[in-house]
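Here is a short briefing for a first look. Start with the view below, then work through the points by topic.

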Amino acid sequence: MLFVVLLIGVLLIVVATTKFKVHPFLSLLLGTLFVGFASGMPLAKIVENINSGFGGLMGGIGLVIVFGTIIGTILEKAGAALRMAEVVLRIVGPKRPQFAMSLIGYIVSIPVFCDSGFVILNSLRKALAKRAKVALASMSVALATGLYATHTLVPPTPGPIAAAGNIGADGFLGTIILIGLITAIPAVVVGYLWATKVASKIEVEDDGEELDYEEIVRSFGKMPSTFQAFLPIVLPIVLIGAGSIVSVAGIEGNAAAFLNFLGQPVIALLAGVVAALTLLPKYDEETLTNWIGEALLDAAPILLITGAGGAFGTVIKNTGIAEMIQGWNLGDMFSGALFLLVPFLIAAALKTAQGSSTAALVITSSLIAPMLPTLGIEGAVPLALVVMAVGAGAMTVSHVNDSFFWVVTQFSGMKVTDAYKAQTMATLMQGLVTIVVSMILWVILV
């Protein structure tokens with residue numbers, strides 16, 4: 001009955017989100033209350049678990065999400081994302097435009113939301129497509145899949161951070177970033193191949209707009225230097241990595257303690273915010289108040305969904321489901337890498353049903369968290385690969401209930417039927433490749 005209650009709770013969340021268009025935050029709370037009541041949990045305990053689950057997760061990763069969103073907003077508004085794109089185009093060269101777009105997406109979407117990244121880079125994409133004389137649809141899919149890969153797999157994007165927090169892996173963000181960057185590469189490659197082999201055959205009606213690549217770059221005005229543009233992303237990753245190395249190696253002393261302090265995700269991301277502030281064109285109310293305020297508005301729904309996911313997970317954990325799972329002998333059913341199929345399939349079903357990758361990451365990680373201790377899945381690398389499996393599912397598939405699908409469709413000029421063939425199928429292939437790569441990494445590393 002406990003399993004049936006849990007299943008109905010998840011269905012309630014999906015139906016409320018998809019059919020009745022209830023915000024995922026409220027849907028998650030409704031599902032949480034239902035599971036608490038239906039499982040026979042004492043009323044006072046339901047309230048206690050909701051408060052502790054929400055607050056506990058916010059205490060661990062709330063500021064990390066906020067700082068990551070601020071970095072992304074400043075990079076977007078200060079022209080740093082465009083500078084990164086321009087640098088990649090200069091290195092890769094004009095003869096490989098789709099590869100350049102995929103690589104740009106891979107880098108830009110680490111701090112910037114994939115929807116925003118596509119909009120920012122849209123004019124550059126069109127100008128480069130015209131200069132290189134390649135299909136617009138091909139360039140669109142190359143950029144979209146590059147953005148999508150790191151958006152679902154690499155912190156400080158909020159979805160992977162939330163998933164890490166739910167399964168108790170927020171202390172291993174350095175490992176998750178490293179494995180995420182590696183796992184995202186095959187996803188980008190398959191997106192690039194789909195763009196060049198399939199999307200290149202799709203015709204998009206020319207809007208007649210005259211676009212010159214050099215002119216488009218000049219029209220952005222004075223952009224930050226390459227060092228300034230990349231520093232807000234690279235600095236937190238380096239600090240978290242250094243802190244992780246010191247911690248794993250067991251190095252002691254004042255210098256090691258200071259590096260460990262700097263490597264704490266909240267401090268590393270705060271350092272990234274400070275680095276991003278150097279990108280501001282001026283220091284006034286517009287940048288210091290309005291830009292930061294806009295970032296906080298973007299972070300608010302993600303924080304609420306993440307916190308509600310934490311409450312959902314805590315209620316599930318305290319219903320006695322962990323003891324029930326122990327009696328299932330899951331270790332015999334799902335040994336080693338095979339277990340990764342469980343979070344992948346759950347996340348893929350949720351993503352396909354309700355459209356939000358972040359919600360799929362949050363709900364799936366909440367559901368599987370009680371299983372992990374039972375199966376002995378603990379430590380940096382195994383938990384990082386679980387996050388990858390959830391992320392793989394959360395990118396499978398992007399279709400009409402996903403806002404990113406419509407951003408790509410509208411800005412690229414593709415018909416919906418063509419977008420299904422190009423974008424939706426590309427994200428399906430990305431998800432499948434990512435889960436296979438995650439399972440291979442499990443066999444090698446765990």
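Which side chain does Glu 86 meet in a salt bridge? The partner is Arg 83, with N and O 2.8 Å apart. Keep in mind that this is a predicted model. The structure holds six salt bridges. The points below cover some of them, then the core, a helix and a surface patch.

- Glu 86 and Arg 83 both sit in helix α4, which runs over residues 80-92.
- The two are three residues apart, or about one turn of the helix.
- Glu 86 also forms a salt bridge with Arg 90, where the closest N and O atoms are 2.7 Å apart.
- Arg 90 and Glu 86 are about one helical turn from each other, because they are four residues apart in helix α4.
- Glu 86 has 14% relative accessibility, so it counts as buried.
- Arg 83 is buried too, at a relative accessible area of 17%.
- Arg 90 reaches 52% relative accessibility, so it counts as exposed.

**A link between distant parts of the chain**

- Asp 402 and Lys 351 meet through their side chains in a salt bridge, 2.9 Å from N to O.
- This pair links distant parts of the chain, 51 residues apart.
- Asp 402 is in the loop between α20 and α21, while Lys 351 is in helix α17 (residues 341-354).
- Asp 402 has a relative accessible area of 6%, so it is buried.
- Lys 351 is buried as well, with a value of 0%.

**The nonpolar core**

- The largest nonpolar core has 139 residues.
- Phe 312 and Val 386 have the most contacts inside this core.
- Beyond its sequence neighbours up to four places away, Val 386 touches Ile 167, Phe 339, Leu 340, Ile 368, Leu 372 and Ile 377.

**Helix α20**

- Helix α20 covers residues 380-394.

**A nonpolar surface patch**

- Met 1, Phe 3, Val 4, Leu 7, Ile 8 and Leu 11 form a nonpolar patch on the surface.
- Together they have about 610 Å² of accessible area.
- Leu 7, one of these residues, lies in helix α1 (residues 2-18).
- Leu 7 has 45% relative accessibility, so it counts as partly exposed.

Technical notes. Residues are numbered from 1 along each chain as its sequence is written. This is a predicted model: local features need pLDDT of at least 70, side-chain atom pairs count only at pLDDT 80 or more; totals for chains, interfaces and linings use all residues. Side-chain values use heavy atoms; hydrogens and water are left out. Patches are made of residues with over 30% relative accessible area and no salt bridge: like charges are joined within 9 Å, nonpolar side chains (Val, Leu, Ile, Met, Phe, Trp, Tyr) within 5 Å. Accessible areas come from the Shrake-Rupley method with a 1.4 Å probe; for residues, only the protein chains shown count as cover. A salt bridge is a side-chain nitrogen of Lys or Arg within 4 Å of a carboxyl oxygen of Asp or Glu. Buried means under 20% relative accessible area, exposed over 50%, partly exposed in between (1.4 Å probe, protein chains only). A nonpolar core is a set of buried Ala, Val, Leu, Ile, Met, Phe, Trp, Tyr and Cys residues joined through side-chain atoms within 4.5 Å. Contact means heavy atoms within 4.5 Å. The expected span of a helix is 1.5 Å times one less than its number of residues.
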